[in-house]
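User: I would like to learn how to read a protein model feature by feature. Please take me through one.

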Amino acid sequence: MTDASDDPTPQPAPGEPGAPLRLVDVQAAVAAEMDRIAPVIDDLGARFAAAGHELALVGGPVRDAMLGRRSNDLDFTTSALPDETDKILKAWGDAWWDMGRDFGTIGCRKGDWVVEVTTYRSEAYDPHSRKPQVKYGDSLAGDLGRRDFTVNAMAVRLPGRELEDPFGGVVDLAHRVLRTPGTPEQSFSDDPLRMMRAARFAAQLGFTVDPDVVRAMTEMAGRIDIISAERVRDELVKLICAPHPRLGLALLVDTGLADHVLPELPALKLERDEHHRHKDVYEHTLTVLEQAIDLEPRLAARAGLPEGPDFVSRFAALMHDVGKPRTRRFQDDGVVTFHHHDVVGAKLTRKRMKALRFSNDQTDAVGDLVELHLRFHGYGSGEWTDSAVRRYVRDAGDQLERLHVLTRADCTTRNKRKADRLRRTYDDLEARIDRLAAEEELAALRPDLDGNQIMEILGIGPGREVGQAYRFLLDLRLDNGPMAPEDAAAALREWWAARD
C-alpha cells in the first residue's frame with residue numbers, strides 16, 4: 001500500500017475532515033486495540049474454533065481500531081448458526097439477548113464488554129419491499145462483500161488475528177474515502193438506506209465520498225422512499241449528532257436525498273433577491289447548527305444534561321428557519337420579509353417529525369424551540385418588564401437552556417459591533433432571569449394559591465371555574481411576582497366579584 005502522506009495533492013491538516021492517515025499509524029493503532037480487547041477476542045475465538053466454527057471481528061470495530069477509536073461494543077461474524085452461537089455465548093457471558101435472531105444475531109454482555117455475533121449472511125431488498133430478505137452465507141469473503149462500504153468490509157480472523165481486506169478498505173481508510181465493495185448501484189439497490197449511511201459516515205468520520213458513490217446516490221435518491229420512516233429517522237439522528245453534520249447534510253442536499261427525507265432543508269436554498277437584502281438562509285442555517293454545537297457545553301453545565309451531542313438543540317437549530325420559504329414576501333422597496341415564519345416553521349417541524357416517527361416529547365421540544373426562537377428580539381435593549389421576562393421563562397418551560405443556546409447561535413452577522421451588542425443584550429436577559437429565579441423560584445411559576453385554596457376562598461367545587469381562577473392567579477403572578485396569600489386571596493375575590 002502507498003503511504004497516504006506521499007500523495008502530492010494538497011491535503012487537509014491532520015485531524016481535519018478528509019486528512020489522510022499514515023500506514024504506520026494505522027498499523028500501530030490496530031495492534032494497540034487488539035491488545036486491549038485481547039481478553040474478549042482471544043477467548044471467544046478459541047471457543048468458536050473448538051466448536052468447529054469460524055469467528056472474525058468485523059466492520060465498525062475494525063475500522064475504529066485503525067482510526068485509534070476505542071469501544072467496548074464489539075461486532076463479530078461467524079460460520080455458526082444462531083442456535084450454535086447462543087450456546088457458546090451462554091457459556092461465556094453474563095447476560096444474553098436474541099432480538100436479532102431473525103437476522104442471525106445473538107447478543108451478549110460480559111462485564112464491561114458488549115458483543116453481538118451474526119451468522120455469515122447475504123441480504124437484499126425486493127424492489128418494492130421495506131424489509132430485507134435474509135439468507136445465511138457460507139464464507140467470510142461473501143459476508144464482507146455484502147457490506148455497505150469498503151472501510152466496513154474488513155475483518156480480523158480469530159483467534160489468529162489475520163486481517164481480511166478483500167476490497168481495499170485499508171487504503172480507502174488511509175485516504176479517508178468512502179467507496180462500496182461492489183458497484184454503488186448494486187449496493188444501494190440491495191439496501192437504499194446505505195445512501196443515507198454514506199452521508200452519516202461522512203459526518204461521523206470526516207471522510208469524503210467517492211464520486212461514483214455520489215453519482216449513484218443522485219441517480220437513485222428516489223429509492224430511499226421504500227425505507228421505513230423509523231430507519232430513516234435513526235440515520236438522520238446519528239448524522240446530526242456526528243462531529244461534522246454539515247458534511248453529511250450537504251451531501252443529502254446535493255444528491256437530492258434530502259428532497260425525500262427532509263425536504264424543508266433544501267427548500268431553504270432561496271433565490272437571493274436582486275438587491276441581496278437577505279441572507280442565504282441555507283448557509284445561515286448550517287452556520288447556526290455549528291454555532292449551536294459549539295454552545296452545547298452550556299447544556300451540561302447549566303441544565304444538567306449529559307455531555308456530548310444534544311439532538312434536540314441541534315435539530316431545532318437546523319429547523320428554526322424552515323418557515324421562511326412559505327412566508328417570504330417582497331415589499332415595494334425590495335425589502336424581503338418573513339413575518340410569522342417562527343409559527344409556520346414550528347408547524348412544519350412538528351409535521352416532519354411526526355412523519356419520521358419521532359417521540360411526542362422530542363417533537364414538542366423541537367417545535368417549541370422553533371416557535372420561540374424569535375421571541376428574544378422583542379427584548380430590544382432591555383425594555384422588557386419583569387412580567388415579560390417571567391412569561392419568557394414560562395413559555396420556554398424546561399427548554400429554557402436550549403432556547404438560550406438556539407437564540408445565541410442564531411446570530412450569524414459578520415458585523416462585529418452588532419454581534420457584540422446582541423451578545424451583551426442576551427447576557428443581560430439571562431442575568432435578569434437568574435436574578436428573578438433566585439428571588440422568586442421562577443422555575444416553578446405557580447400561582448400563589450393552589451386549587452384547594454381557590455375552592456375554599458370562593459366556596460365552589462371542582463370544575464371549570466377553578467381552572468379559570470387558577471389562570472387568573474398565574475397571570476397575576478407573572479405580572480406582579482410573588483404575593484402574600486392574603487393579597488392573592490383579596491385579588492381573587494375581587495376578580496370573582498367582577499366576573500359575577
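This is a predicted model: local features need pLDDT of at least 70, side-chain atom pairs count only at pLDDT 80 or more; totals for chains, interfaces and linings use all residues.

User: Which domains does the assignment give?

Analyst: The domain assignment lists domain 1 (16-176), domain 2 (266-444) and domain 3 (451-498). The C-alpha centres of domain 1 and domain 3 are 65 Å apart.

User: How do I read a pair of packed helices?

Analyst: Two numbers describe such a pair: the angle between the axes and the distance between the axes. Take helix H19 (residues 386-396) and helix H20 (residues 400-409). Their axes come within 8 Å and cross at roughly 105 degrees. Angles of 65 to 115 degrees count as roughly perpendicular, so H19 and H20 are roughly perpendicular to each other.

User: Which residues make the contact?

Analyst: H19 brings Tyr392, Val393 and Ala396. H20 brings Leu400, Leu403 and Thr407. By class, the contact of H19 with H20 has five nonpolar residues, one polar and no charged.

User: What about nonpolar cores?

Analyst: In soluble globular proteins, nonpolar side chains tend to be buried together. Here the largest nonpolar core has 115 residues, and Phe76 and Phe315 touch the most other members. Helix H8 (residues 193-205) is the top contributor to this core, giving nine residues.

User: Why is this core said to lie between domain 1 and domain 2?

Analyst: Domain 1 (16-176) and domain 2 (266-444) both give residues to this core, so it lies between them.

User: What does Phe315 touch, leaving out residues up to four places away in sequence?

Analyst: Phe315 touches Leu236, Ile240, Leu262, Met353 and Val366. Another core, of 13 residues, lies apart from the largest one; Ile454, Met455, Ala489 and Trp496 are among its members.

User: Now single residues. Is Thr150 buried or exposed?

Analyst: Buried means under 20% relative accessible area. Thr150 has 0%, so Thr150 is buried. Thr150 sits in the loop between helix H5 (140-145) and strand E8 (155-158). Beyond four places in sequence, Thr150 touches Phe167, Gly169, Asp172, Arg179, Thr180 and Pro181.

User: And how does Thr208 count?

Analyst: Thr208 counts as partly exposed, because its relative accessibility is 42%. Thr208 belongs to strand E11 (residues 208-209). Leaving aside neighbours within four places in sequence, Thr208 contacts Arg176, Val177 and Leu178.

User: How far apart are Thr208 and Arg176, in sequence and in space?

Analyst: They are 32 residues apart in sequence. In space the separation is 6.3 Å, C-alpha to C-alpha.

Conventions. Residues are numbered from 1 along each chain as its sequence is written. Side-chain values use heavy atoms; hydrogens and water are left out. Domain bounds come from an automatic or database domain assignment. Axes are lines fitted to C-alpha atoms, for helices over the stretch in contact, and angles run from 0 to 180 degrees between N-to-C directions. Helices (H or I, at least four residues) and strands (E, at least two) are DSSP runs, numbered from the N terminus. Angles under 35 degrees count as roughly parallel, over 145 as roughly antiparallel, 65 to 115 as roughly perpendicular and the rest as oblique. Contact means heavy atoms within 4.5 Å. Ala, Val, Leu, Ile, Met, Phe, Trp, Tyr, Cys and Pro count as nonpolar, Asp, Glu, Lys and Arg as charged, and the others, Gly among them, as polar. A nonpolar core is a set of buried Ala, Val, Leu, Ile, Met, Phe, Trp, Tyr and Cys residues joined through side-chain atoms within 4.5 Å. Buried means under 20% relative accessible area, exposed over 50%, partly exposed in between (1.4 Å probe, protein chains only).
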